[in-house]
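Subject: Structure for you to look at

Hello,

I am passing on a structure that you have not worked with before. Please open it and keep it beside this message while you read.

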Amino acid sequence: MKKIHFTILTLIIILLSSCKSTKAVTAASAIKSLSAKKVVKKHLSSNFEGETIDAKLKVRYKDKKEDIGFSVKMKIKKDEVIWLKGTKIITIFKAKITPEKVSFYSPYKKNYFEGDFTMLKKLLGFDVNFQQLQNMLLGQAVLDISEKKQKVDIVNSSYQLHPKKQPLLFDIFYQVHPEHYKLKKQYLVNQLKAQQLDIEYTDYLKKDDLLFPKQTVITAKEKSKFTNITMEVRSINFNTNLEMPFRIPSGYKEIKL
């Protein structure tokens with residue numbers, strides 16, 4: 001698969017940073033002891049309660065061979081659709097993700113892809129669905145932390161949650177901010193395959209009484225390989241009417257993944 005394809009698909013997994021009428025949320029000066037059950041409850045209650053998101057992002061992609069930057073427009077209708085448009089002078093790609101399927105096309109490459117979430121499983125190494133992708137973007141735990149009993153430790157001035165019984169294929173950890181209980185970081189480790197995926201939320205912004213990740217940094221490591229993606233919000237609005245045009249042009253070549 002060409003590098004541009006990998007970049008586009010990886011972009012579907014993250015994003016975000018600041019705008020003029022927002023303010024950053026600072027860290028708490030101290031952290032008190034809480035039970036895992038209490039931290040879980042507070043994290044779940046911190047979920048994003050807006051209906052729509054309309055953001056302009058600055059994205060930088062880096063690996064051992066490439067270091068590129070471009071702009072992305074991201075629109076989300078919560079629980080229904082994630083829409084992306086990437087540009088670098090010209091349109092590089094458009095993507096539309098719904099609970100049922102993943103679609104994108106590239107005017108630059110004159111090709112397209114339509115299919116289920118299996119392709120994202122190949123990239124990440126674990127099953128992923130629309131809700132989990134949405135959670136990643138919103139600073140929420142990728143898996144349902146209410147389904148399994150959790151343990152809590154204080155790590156890096158945050159509450160670190162992890163299941164008492166980890167999944168079979170990987171270990172997962174969540175570092176929860178002690179002030180607003182959104183995530184500071186979540187990471188998955190597959191020791192057998194020497195793989196690790198880190199999703200770090202370096203800061204949050206507050207606008208219209210809603211919290212949103214100000215900057216997200218994703219790092220994927222596998223033996224001697226690595227991929228780093230930094231996403232910053234240049235402007236953002238919530239609860240507005242969205243237009244999300246998406247139609248794959250005729251004559252484009254289908255990508256088989």
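Predicted model: local features only at pLDDT ≥ 70, side-chain atom pairs only at ≥ 80, totals over all residues.

The chain as a whole

The chain has 257 residues, and buried residues make up 51% of them. Its secondary structure consists of four helices and 15 strands. If you take the contacts between residues at least 6 apart in sequence, 56% of them join residues at least 24 apart. The accessible surface comes to about 13,500 Å². Carbon and sulfur atoms account for 48% of that surface.

Start with Ala 95, which is in strand β5. Its relative accessible area is 0%, so Ala 95 is buried, the cut-off being under 20%. Apart from neighbours within four places in sequence, the residues in contact with Ala 95 are Ile 82, Trp 83, Leu 84, Ser 103, Phe 104 and Phe 246. Ala 95 can also be set against Met 244, which is 149 residues away along the chain. The C-alpha atoms of these two residues are separated by 10.0 Å.

Next is Thr 98, in the loop between β5 (90-97) and β6 (102-106). Is Thr 98 buried or exposed? Thr 98 is buried, because its relative accessible area is 14% and the limit for buried is under 20%. With neighbours within four places in sequence left out, Thr 98 is in contact with Glu 80, Val 81, Phe 117 and Phe 130.

Two patches on the surface

Which residues gather in a patch of positive charge on the surface? They are Lys 32, Lys 37, Lys 38 and Lys 41. Of these, Lys 32 is found in the loop between β1 (23-25) and α2 (36-45). Lys 32 has a relative accessible area of 56%, and therefore counts as exposed, for which the value must be over 50%.

There is also a nonpolar surface patch of about 410 Å², made by Ile 89, Ile 90 and Tyr 108. Tyr 108 lies in the loop between β6 and β7 (111-115). At 52% relative accessibility, Tyr 108 is over the 50% cut-off and so counts as exposed.

When you go through the model, you could begin with Ala 95 in strand β5, move on to Thr 98 in the loop between β5 and β6, and finish with the patches at Lys 32 and Tyr 108.

Regards

Definitions and conventions:
Residues numbered from 1 in each chain as written. Heavy atoms only, no water. Buried < 20%, exposed > 50% of the residue type's maximum accessible area, 1.4 Å probe, protein only. Contact = heavy atoms within 4.5 Å. Patch = residues over 30% accessible without salt bridge, like charges linked within 9 Å, V, L, I, M, F, W, Y side chains within 5 Å. Areas by Shrake-Rupley, 256 points an atom, 1.4 Å probe, with all protein chains shown as cover. Salt bridge = Lys/Arg side-chain N within 4 Å of Asp/Glu carboxyl O. Lys, Arg positive; Asp, Glu negative; His and termini not counted. Charge placed at Lys NZ, Arg CZ, Asp CG, Glu CD.
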